Amino acid sequence: MLSPLANASDTLIIADAYVDVAKGKTIEDAAIVISGNQITQVTQYDKLSNHNLYNVIDLKGKTLVPGVMDMHVHLSSNADDNFLAAKNQSIPRKTIKAVKNARKSLMAGFTTVRDLGSSGYAVIATRDGINDGDIVGPRIWAVGHSISVTGGHCDDNFSAPEKQIRAQGVADGPWAVRAKVRENIKYGANAIKICATGGVFSKGTKVGIQQLSDEEIKAAVDEAHMQGMVIAAHAHGTGGIKASIKAGIDSIEHCSFMDQEAIDMAVKAGTYLSCDIYNTEYTLAFGEANGVPEENINKEKLVSKAQRDSFRRAVKAGAKMVFGSDAAIYPHGDNGKQFSRMVKFGMTPAQALQAATINSAALLKQDKLGQIKPGFLADIIAVDSDPLKNISVMEHVRFVMKDGVVYKQ
């Protein structure tokens with residue numbers, strides 16, 4: 001890690017080009033001036049005077065991209081952990097994993113992430129450590145505990161009945177759901193997540209079946225919005241997706257079984273869709289060796305093709321899309337591999353980058369993130385060539401600046 005330069009003059013980054021993600025264009029000959037943690041000027045080198053006044057970072061041969069964002073990660077879990085053994089790990093152990101994985105995410109160029117569920121507020125503690133300068137990592141929006149019905153996707157269904165164990169996010173009934181939203185916020189959540197349907201990696205749930213009732217979903221949305229929170233819904237099945245859209249949810253996660261009506265509803269409502277279309281490759285290749293039960297691998301096989309088809313049709317329909325990878329289902333730090341799959345299954349390279357920059361910033365209601373533009377925070381990464389011509393370069397980020405501080409060069 002490179003430390004920030006103490007008492008330095010303004011920083012000047014020079015590079016072959018930068019990507020204007022809003023316009024979907026690459027601009028040649030980039031000269032980016034940064035004062036503190038903010039971009040103050042975006043120009044060309046020859047148009048600047050007094051070059052000696054700047055602390056120059058020479059990235060000739062590279063293309064600059066805004067720091068990218070992943071709207072669906074689980075920092076306190078590892079993909080290669082033994083699936084069942086990991087469920088008995090302590091909160092301190094999970095927190096240490098979150099610290100490690102936060103750093104890996106940042107070094108992969110993801111300067112902002114949204115963590116959509118971790119037990120014991122482990123990721124909230126990690127976020128606060130990053131914000132206080134104790135550890136290194138991206139900006140984090142963290143939900144605390146995912147909200148689930150008893151026996152639902154986000155409950156603990158692997159323990160024996162006599163142990164009477166249930167996940168801390170379980171709530172049954174609209175007022176109980178509201179109370180759980182309030183509890184998460186009380187302990188530091190700056191986003192909220194509900195589990196509206198069954199899921200792949202839970203025991204005994206059917207991925208397409210709605211679990212939270214319409215009234216419970218609406219209660220969660222109303223409480224979250226009243227308290228100024230963005231709320232996500234884990235939803236594979238069409239019924240749960242439609243109920244979440246009707247309730248005013250901000251983003252749908254997974255979106256596996258979407259009929260055309262659900263897609264049309266999302267487009268009309270402006271609901272963001274977050275489709276993790278890379279991780280299935282890791283699960284089907286390594287899941288069995290990592291101890292993932294046969295039930296869960298079979299559900300992944302059921303979901304994977306349908307999810308990619310839903311993604312393709314949603315892109316074609318013009319739905320709002322964000323980058324959400326479900327990191328932890330595959331190894332943290334490999335987030336960038338999803339970009340090429342987003343292009344393979346229907347997006348242009350510009351759309352894939354927009355999903356991970358301006359669209360994700362809009363979902364989080366952050367008007368100073370997601371662009372290389374004067375007045376924006378200095379989150380800047382560099383890759384070897386133009387990602388609009390070869391999106392796979394996003395898998396190998398060479399330079400990372402977050403908030404004006406260089407972490408990788």
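Author: Confidence comes first. This is a predicted model, and the mean pLDDT of the protein chain is 95. Of its residues, 98% reach 70 or more. The exception to keep in mind is the start of the chain. Residues 1–7 have a pLDDT below 50. Beyond near neighbours in sequence, that stretch has 9 contacts in the model. Where pLDDT is low, predicted coordinates should not be read in detail.

Now the part itself: lysine 97. Lysine 97 belongs to helix α1, which covers residues 91–107. The relative accessible area of lysine 97 is 3%. Buried means under 20%, so lysine 97 counts as buried. What does it touch? Leaving out residues up to four places away in sequence, lysine 97 contacts Leu75, Ser76, Asn78, Asp81 and Gln89.

Two further residues deserve a look, both for their backbone. Aspartate 326 has a phi near 65°, a positive value in a residue other than glycine. Aspartate 326 sits in the loop between β12 (320–322) and α9 (337–344). Its relative accessibility is 8%, so aspartate 326 is buried. Lysine 365 also has a positive phi, near 60°, and is not glycine either. Lysine 365 lies in the loop between α11 (358–363) and β13 (380–383). Exposed means over 50%. Lysine 365 has 63% relative accessibility, so it counts as exposed.

Next, the setting for these residues. The protein chain has 11 helices and 15 strands. Its radius of gyration is 21 Å, close to the 22 Å that the globule rule gives for 409 residues, so the chain is as compact as a globular protein of that length. Along the principal axes, the C-alpha atoms fill a box of roughly 70 × 45 × 45 Å.

Buried residues make up 58% of the 409 residues. Take the contacts with a separation of 6 or more: 69% of them join residues 24 or more positions apart.

The surface and the charges remain. The accessible surface of the protein chain is about 16,300 Å². Carbon and sulfur atoms hold 49% of that area. The chain carries 46 positive and 44 negative side chains. The centres of the two sets lie 1 Å apart.

Definitions and conventions
Residues numbered from 1 in each chain as written. Predicted model: local features only at pLDDT ≥ 70, side-chain atom pairs only at ≥ 80, totals over all residues. Heavy atoms only, no water. Helix = DSSP H or I, 4+ residues; strand = E, 2+ residues; numbered from the N terminus. Rg over C-alpha atoms; globule rule 2.2 N^0.38 Å. Buried < 20%, exposed > 50% of the residue type's maximum accessible area, 1.4 Å probe, protein only. Contact = heavy atoms within 4.5 Å. Areas by Shrake-Rupley, 256 points an atom, 1.4 Å probe, with all protein chains shown as cover. Lys, Arg positive; Asp, Glu negative; His and termini not counted. Charge placed at Lys NZ, Arg CZ, Asp CG, Glu CD. pLDDT = per-residue confidence, 0-100.
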